[in-house]
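These are my notebook entries on a two-chain model. I set down what I looked up, entry by entry.

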Amino acid sequence: MENRLKELIESLIFVSSEPLSTERIKIVLEEFSREEIEQALQKLVANYSSDEKGIEITRSAGSYLFSTKPEFDPWIRQLLRIERKNKLSSAALETLSAIAYHQPVTLAEISALRGVDSTHTLKVLLQKKLIKIVGRKKSPGRPLIYRTTDKFLIYFGLNSIKELPTEEEISKILEEEK
Amino acid sequence: MDTSSGYQVRLEAFEGPLDLLLFLIRKKKIDIHDIPIATITREYLEYLNHKERINLDREAEFLLMASLLIYIKSQMLLPRESELTEEGDPRQMLVDRLLDYQKIKAASLLLREKEDVEHMKWQRTFRPSISTTQEDDLIEVSLFDLAESFFALMKQKKRENIQIIKGKEYSLEEKMKEILAILNENSFLDFLDYFKEQETLEEAIVSFFSLLELIRVRTVIAIQESLFRSIKVWLRKASHSKGN
């Protein structure tokens, strides 16, 4: 199987209903080294990025999964009879952004950042599992503290929290708005 | 009335007072580090005055900001003893908040772009029914099915025997709003999942009544995809398509 490691991994990703992490692959393929697996994964992702494929392997939150290429979206929606996917509300998105950049963070801090009471939005985000409670702050009232989840990263196609829009990208947007 | 500009944006269009302030600053081409407080306060209050109906829930935050603006202005008018030591611009706190908020807002626009791209990719796990007749084997759930599921769940909850300190009262209206908000964001609500997340028995009961009320007035519908599967709550089509 040594020479077919790439195809082997491909089949593992294919049958996974959840994004498949490198760690999980490593556990299953214990006879291979981490480097070999990483290399095969890289090749595999590159293979699928070719124009001759309608699907690709995307990496988000350090895990791999198959998805269709964005350009085919209109036809897929026609097949599935779906007009559009539900987007997050702008309040939810703004709250997520506040949490992502200031985490770990409390409800009071989020509300202060936005200038708006965020109790309800926070509840919705928790229900969607885009954020999670990670403990309590050691301050009066011991308020709950929140962080974004892996599902948050996957939702926005990010690999890690470091891939959030950077300071430069943000100032560019602000320049354009002026 | 605002005569200085041709168009007026409704207050509802803003996420909050900071959003409105940023909008006014940009509109007036004001330097964020040197805000003419009197001008901006006047503009700001004009927006609040334009409201026909007052929605106290939302308005309170806008009014709080108005009072902060007026407070800052008063601080700037006061003669200060320590003028020489330059103890800081009273506007600084507001500027810092505006800059922080501006970043969050801009980042959320970038996240929206990412969301758009991700939404155009489809995974194998996304499997709605491809069949043309969508209502094939959907079963509309009766009140008794709902009640049965609910009581089973509550028994389970009781066994977990969690001690929670009561701190909040729940109103039917609030819960109905919450359920509708969830339905507006997700296409459906999973009955079991939703009630598992309720913190107290009291909250669960209020939620359950809210759900029953929504079903009674035919705003939502409870459906079981097939026997023994979980119950899902959907918005009814008629009330859903508000635009058309």
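Among contacts in chain B between residues at least 6 apart in sequence, what percentage join residues at least 24 apart? I found 66%, where two residues are in contact if their C-beta atoms, placed from the backbone, lie within 7 Å.

**Entry 1. Conventions.** The model is predicted: local features need pLDDT of at least 70, side-chain atom pairs count only at pLDDT 80 or more, and totals for chains, interfaces and linings use all residues. Residues are numbered from 1 along each chain as its sequence is written, while chains are lettered from A and ligands numbered from 1 in the order in which they are written.

**Entry 2. The two chains.** I looked up the elements, taking helices (H or I, at least four residues) and strands (E, at least two) as DSSP runs numbered from the N terminus. Chain A has nine helices and six strands; chain B has nine helices and four strands. From the N terminus on, I read the order in chain B as α-α-α-α-β-α-α-β-α-α-β-β-α.

For burial I used counts of other C-beta atoms within 10 Å of a residue's own, with C-beta atoms placed from the backbone: 20 or more is buried, 12 or fewer is exposed, and in between is partly exposed. Of the 178 residues of chain A, 26% count as buried. For chain B, the figure is 19% of 244 residues. In chain A, 47% of the contacts between residues at least 6 apart in sequence join residues at least 24 apart.

**Entry 3. First sheet of chain A.** I found an open sheet of three strands in the order β1-β3-β2 (chain A), with antiparallel pairing; two strands pair if DSSP finds at least two bridges between them. Its edge strands are β1 (20-21) and β2 (55-60) of chain A, each pairing on one side only. β2(A) is joined to β3 (residues 63-68) of chain A by six bridges in the antiparallel sense. A:I57 stands opposite A:F66 in β3(A).

Helix α1 (residues 5-15) of chain A lies across β1, β2 and β3 of chain A, at about 75 degrees to β3(A). For such angles, axes are lines fitted to C-alpha atoms, for helices over the stretch in contact, and angles run from 0 to 180 degrees between N-to-C directions.

Entry 4. Another open sheet has three strands in the order β4-β6-β5 (chain A), and its pairing is antiparallel. At its edges I noted β4 (105-106) and β5 (131-136) of chain A, each of which pairs on one side only. Five bridges link β5(A) and β6 (residues 144-148) of chain A in the antiparallel sense, and A:G135 stands opposite A:I145 in β6(A). α5(A) packs on the sheet, touching β4, β5 and β6 of chain A, and its direction makes about 95 degrees with that of β6(A).

**Entry 5. α5(A) and its neighbours.** At what angle do the axes of α5(A) and α6(A) cross? The axes of α5 (residues 90-102) and α6 (residues 107-114) of chain A come within 10 Å and cross at roughly 115 degrees. I recorded A:E94, A:T95, A:A98, A:I99 and A:H102 in α5(A) meeting A:E109, A:I110, A:L113 and A:R114 in α6(A). The residues of this contact divide into four nonpolar, two polar and three charged. Here Ala, Val, Leu, Ile, Met, Phe, Trp, Tyr, Cys and Pro count as nonpolar, Asp, Glu, Lys and Arg as charged, and the others, Gly among them, as polar.

I then looked up A:T121, which is found in helix α7 (residues 119-127) of chain A. A:T121 is buried, with 25 other C-beta atoms within 10 Å. Leaving aside neighbours within four places in sequence, A:T121 is in contact with A:A91, A:A92 and A:T95. The C-alpha atoms of A:T121 and A:A92 are separated by 5.8 Å, although the two are 29 residues apart along the chain.

**Entry 6. Chain B against chain A.** I found 40 residues of chain B in contact with 43 residues of chain A. On the chain B side, the elements giving two or more residues are α1, α3 (56-77), α4 (92-119) and α6 (172-185) of chain B. α4(B) gives the most, with 18 residues. That side divides into 17 nonpolar, eight polar and 15 charged residues.
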